[in-house]
Every structure is written in C-alpha cells, then in structure tokens.
Amino acid sequence: MAVKDRDRFSTATRIKLLGEQTAARVYRSQTKRQARRSRLTGRAALLALVVCTLVVALAYPIRQYVSQRAEISDLQREKAQAAERVEKLRDLKARWQDDAYAEQQIRQRLHYVLPGETGFVVVDPDAAKQSRTDLGAADRPWYSNVWDGVDKSDASDQ
C-alpha cells in the first residue's frame, strides 16, 4: 500500500492525472460547443432566410404605402389651397357686384372721371426726368402704352 500511496502522490502521476482530466474537460467542451454550434448555425441560417424573405417581400409594398401617404398629404394641402383661393375669388366676385366698388376700380385703373370733374395724374418727380421710352410698360398708364404702340407701328411703315 505504501507503493500505491507513493505512486498516487508522485509528481509524474499527478501531472499525468491532471493532463487526463484537462484533456477530458477540453474534449467535453469542444463536443458541446460543436454540437451547440451546429444546431445554432442551422437555426440561425433558417431564421436569416426567413427574415430576408420577409424584408424582400414587404419592402415594395411598404415603399408604395409611404409614397402614397405622402401623395395624399400633398393632395390634401393642394385641396386646402384651392378652397382658400375659391373663397378669395368668391369674395372678389361679391365685391365686383357692388356698384360703388366697380366705380372705384374703374376710376383708379382706367383714370375715368365723371362729367364736370377734373382728372389729375400725379407724376413722381424722379420719373419726370426719365423719357417716356425709359419707363416700363407697367409703370405707365394704359393709354400711354397704346399711343406708343401706334407711334411705333406708324414709324415702321415709313
């Protein structure tokens, strides 16, 4: 028994026993890891395939849905703007139905005066320094534009 006890506690025996135990642990962990990895890899591949399939299958409809929602919001905004413009035009039409407003606009835009009244056109002092041709058509009264057109057509005939 002394030989057996001595053998059990010798350094070589201890190292051999420790190596066997370590090898057994490493082998067990590797087989567990390989078994786990092989099961997990198949499941992960299947899960990745399902997720990719769902993404591909849903990408186009979701993009269409988002673009249609954006188009709907744009159309609603345009509808609101059109309704606002219609209201403004109705107000303008109602104002033109009033004879006093129509007379005011005719006097202002066309420079009409009633019989017995004297009409005046106030000219800007800086504008008086410029010639008639230097002024833009929008800056002058309409009858000046008409007369200039007659003058130009008369000059082109000669």
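Where in the chain does Arg140 lie? The points below answer this and then turn to the chain as a whole.

1. Arg140 lies in a loop, the one that runs between helix α4 (residues 125-129) and helix α5 (residues 142-157). The model is a predicted one, and the values in this note are to be read with that in mind.

2. Is Arg140 buried or exposed? Its relative accessibility is 15%. The cut-off for a buried residue is under 20%, so Arg140 counts as buried. Buried residues make up 4% of the 158 residues in the chain, and Arg140 is one of the residues that count as buried.

3. The side chain of Arg140 has polar contacts with two named side chains. With the side chain of Asn145, the contact is at 2.8 Å. With the side chain of Asp148, the contact is at 2.4 Å.

4. On secondary structure, the chain has five helices and zero strands. Read along the sequence, the pattern is α-α-α-α-α.

5. The accessible surface of the chain is about 14500 Å². Carbon and sulfur atoms account for 59% of that surface.

6. The mean pLDDT of the chain is 82, and 78% of the residues score at least 70. Helix α1 (residues 2-8) has the lowest confidence in the chain, with a mean of 54. Helix α3 (residues 99-110) has the highest, at 90.

How values were computed. Residues are numbered from 1 along each chain as its sequence is written. This is a predicted model: local features need pLDDT of at least 70, side-chain atom pairs count only at pLDDT 80 or more; totals for chains, interfaces and linings use all residues. Side-chain values use heavy atoms; hydrogens and water are left out. pLDDT is the predictor's confidence in each residue, from 0 to 100. Helices (H or I, at least four residues) and strands (E, at least two) are DSSP runs, numbered from the N terminus. Buried means under 20% relative accessible area, exposed over 50%, partly exposed in between (1.4 Å probe, protein chains only). Accessible areas come from the Shrake-Rupley method with a 1.4 Å probe; for residues, only the protein chains shown count as cover. A polar contact is a pair of N or O atoms within 3.5 Å; within protein, one must be able to donate a hydrogen and the other to accept it, and residues adjacent in sequence count only if both atoms are side-chain atoms.
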